[in-house]
Amino acid sequence: MNRQHRISRRRVLGRAAGVGTVAAIGGGAGLSRLEEALAARRAPAVLRQGAPLVYWGGLIFSDEANQMLVDEVTAWGEANGVATETVMINQNETNQKVSAAVESGTMPDALDMGLDLLLLLSQAGELSDLGDLYATIGGGEGGWYPSVDASVAADKLGGAHTGIPFGASGNLLFSRTDALEAAGQTPPPETWQELREMAEAAQEPPLYGMGLALSNVGDGNLQISVMQSYGGRVANDEGTDCTIASPETAAYLEWVSSAYEAGLFPPGATTWDGAGDNTAYLAGQAIFIANTGSVSIAMDEDDPELAAATSYSPLPAGPVGRVSPINPNVRAVPTSTQDQDRAKALIEHLQGRDFLERYYAVAIYGPVLQYQADFEAFTGPVRAGLADLVTNGTAPGAPDVYNTAYADFSANFLVPKMVQRVVVDGVPIEQAMEETQQQGQAIYDKYR
Amino acid sequence: MAAVQPIGRANRSWSPVLRRVALYATLALVALAIVFPVYWMVTISLKLPREIYRLPGLWPQAPTLENYRELIVERGFLINIRNSLVVAGATTLASVGMSTLAAFSIVRFRYRFKGLVGRLILFAYLTPTSLLFIPLSVIVARLQLGDTLYGLVIVYLTFSVPLSTWLLIGYFRGVPAELEEQAMVDGTTRLGAMLRILLPLSLPGLAAVGIFTFTAAWNELLLALIFITNENRRTVPLGLQYLITGDVFLWGPIMAGAVLSALPVIVLYFLAQRYMVQGLTAGSVKG
């Protein structure tokens, strides 16, 4: 039996050796492919002319706009003899996709992104200088809007214009006029305190007054703007040290916690996901929300009655002023792109007047170039609000300095977490501020 | 004594009834907790957005298949299902084949570092996916496997083979080696003994491992999100993920997609539920 076992084992091992040899040969083939891949990355552009120009477009909540972008890139490619491959990337997943692509050397030739990612990639030296293109596009009638121009200034992005803005986002205040007027209130509220008072007067659960996220999502960071409008600051004027613990921040926390205790926020606002405010508004459970405009598209398509009962206005002001940041969306060209000229030519084409006039009519973006204010798209209430935001809104992060530390601070949702400590955990305002001060300082210390 | 007897009889006659009522009530509650989310998913898939948001109710007021039409006709969800079937099916076949040989080797042969190999297999499985996706993306890109379904199959195998091997080690240890030895005495080879004796006796374990692997590959999102870019190669979880754009959830199509994507797995579990329970429990206690 043992003998039989040993013989069989040899046989099995022998077969394993055979399989190993085959695998080694296969591995050799794999190595060849690896070398080819690396060689392809090193190859000059002229050798890669057959490769398609890969463009990652940002997927937005408008199928029509998404398809229009894909069609435009395809048409440009056909007209110029360039093979193109357009992939619409869900903007919720852009960071993961780009992280993996940067590490593996598989970045597209051009891509859309938001300001946070532009800042990080620019400072890491991953994006090409598009200064010439930026000047050419902005050199037309009117030029860039000052707020847009300031948002992507070269000094903020490692010394170069690495992003070409193509649309501005930002928050508008959505108000349920039917509920407010029934309670004798006339929107829009001019201040956050007035908003609170209107909400209190008009709300009748399950219709709640303040559909503002207090959770750890992007919408929750609206609370940074509210805090800033009360005079609170994330950091000092140099953007080097966290200065969130202040009497002004305490005043903001007093406002938000008293509204929470009065039951003005819908249940679950401290744990909402990114669609919490949308869902609350579309479900008829919120009188006020702050939203970039996607809710209006959903209402127009699915609930015209609710759309008719909604008015749009700029975000309210606080005791020291109105803080309503714009967030330009940009197109960029990675440094790894072999054919930089064609990538830039595509971006320049997508900034063309004809295309953008049609695109803005179906997408939810504010203008970035001053001549675009005349587009018919910006006569509707939501898009007019976005155009107004570009004119009268504040720069990203302002009055704080928008730098990597600020972006990291925002990405950690420290302000909504500070609010949660007060309204959920019942921690005194001073203690919550001090905790956030320490956490914020630790972040700013990383970027000294 | 005589006065006590009726009470005793009453206790004896009522207790089983009460126990049964309590048992069924508990089971009904458990069943409700399990079935209700499925029911809710199905009902949402039959509603239009306005009804979903503004008129929430247990029963659709105007049931419609519009979400299914949008999903299949406009968004090509059947391509996602086809891709998932290819990826999950290939992963399952390859994983069961490789892990069977690996587990057989570890359980039946004696060689150096066998125990270490067994432990390393388990450790490989325990490494969080979120830590591995960037190194994996480098390897996948350099082997030019990115944005391909077979690349995704290979990536999934790096996670499924260790777990499958570990489960099968436990199951194979429960099958007496003497049965294979008797077959070899009768003239069959070691491989023949494995194929004719061990594997037929281990069918419940193999079925359990197969179903487990299929389900894991069918539901996987993070790696598919990283490695698949082309719209025509998206799997089911990716297809569903792309129904969330920005801060808007298309709940109707999402729920319709969830219903459609659950069907293959439900059928698989229904056909093999007996093996699934038997296989997993056997492996777990005999390892």
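Modeller: Helices (H or I, at least four residues) and strands (E, at least two) are DSSP runs, numbered from the N terminus. This is a predicted model: local features need pLDDT of at least 70, side-chain atom pairs count only at pLDDT 80 or more, and totals for chains, interfaces and linings use all residues. Residues are numbered from 1 along each chain as its sequence is written, while chains are lettered from A and ligands numbered from 1 in the order in which they are written.

Biologist: How are H18(A) and H19(A) oriented to each other, roughly parallel or roughly antiparallel?

Modeller: Helix H18 (residues 414-423) and helix H19 (residues 429-446) of chain A have axes 9 Å apart and pack at about 155 degrees. Axes here are lines fitted to C-alpha atoms, for helices over the stretch in contact, and angles run from 0 to 180 degrees between N-to-C directions. Angles under 35 degrees count as roughly parallel, over 145 as roughly antiparallel, 65 to 115 as roughly perpendicular and the rest as oblique. H18(A) and H19(A) are therefore roughly antiparallel.

Biologist: How many nonpolar, polar and charged residues has the contact of H18(A) with H19(A)?

Modeller: Residues are in contact if their C-beta atoms, placed from the backbone, lie within 7 Å. On the H18(A) side these are Leu414(A), Met418(A), Arg421(A) and Val422(A), and the partners in H19(A) include Ile429(A), Met433(A) and Gln439(A). Ala, Val, Leu, Ile, Met, Phe, Trp, Tyr, Cys and Pro count as nonpolar, Asp, Glu, Lys and Arg as charged, and the others, Gly among them, as polar. The contact of H18(A) with H19(A) has 6 nonpolar, 3 polar and 2 charged residues.

Biologist: Which residues of H19(A) meet H10(A)?

Modeller: Helix H10 (residues 247-261) of chain A packs against H19(A) at about 120 degrees, with axes 10 Å apart. That angle makes H10(A) oblique to H19(A). Thr249(A), Ala250(A), Leu253(A) and Glu254(A) of H10(A) meet, in H19(A), Ile429(A), Ala432(A) and Met433(A).

Biologist: Which element gives the most to the side of chain A that touches chain B?

Modeller: Contact joins 38 residues of chain A to 31 residues of chain B. Elements of chain A supplying at least two residues each include strand E2 (84-90), helix H3 (94-104) and helix H1 (2-42). With 10 residues, the most comes from H1(A).

Biologist: What is the radius of gyration of chain B?

Modeller: Chain B has 13 helices and 2 strands. It is more spread out than a compact globule, because the globule rule gives 19 Å for 287 residues and the value for chain B is well over that, at 25 Å. The radius is taken over C-alpha atoms, and the rule is 2.2 Å times the number of residues to the power 0.38. Along the principal axes the C-alpha atoms fill a box of roughly 80 × 65 × 35 Å, and the radius of gyration is 25 Å.

Biologist: Is Tyr156(B) buried or exposed?

Modeller: Tyr156(B) is found in helix H7 (residues 149-173) of chain B. Beyond neighbours within four places in sequence, Tyr156(B) is in contact with Thr91(B), Ala217(B) and Glu220(B). A residue is buried if 20 or more other C-beta atoms, placed from the backbone, lie within 10 Å of its own, exposed if 12 or fewer, and partly exposed in between. Tyr156(B) has 23 such atoms within 10 Å, so it is buried.

Biologist: How far are the C-alpha atoms of Val42(B) and Trp166(B) separated?

Modeller: Val42(B) is found in helix H1 (residues 4-45) of chain B. Val42(B) counts as partly exposed, with 15 C-beta neighbours inside 10 Å. Val42(B) and Trp166(B) are 124 residues apart along the chain, and their C-alpha atoms are separated by 36 Å.

Definitions and conventions
Contact = placed C-beta atoms within 7 Å.
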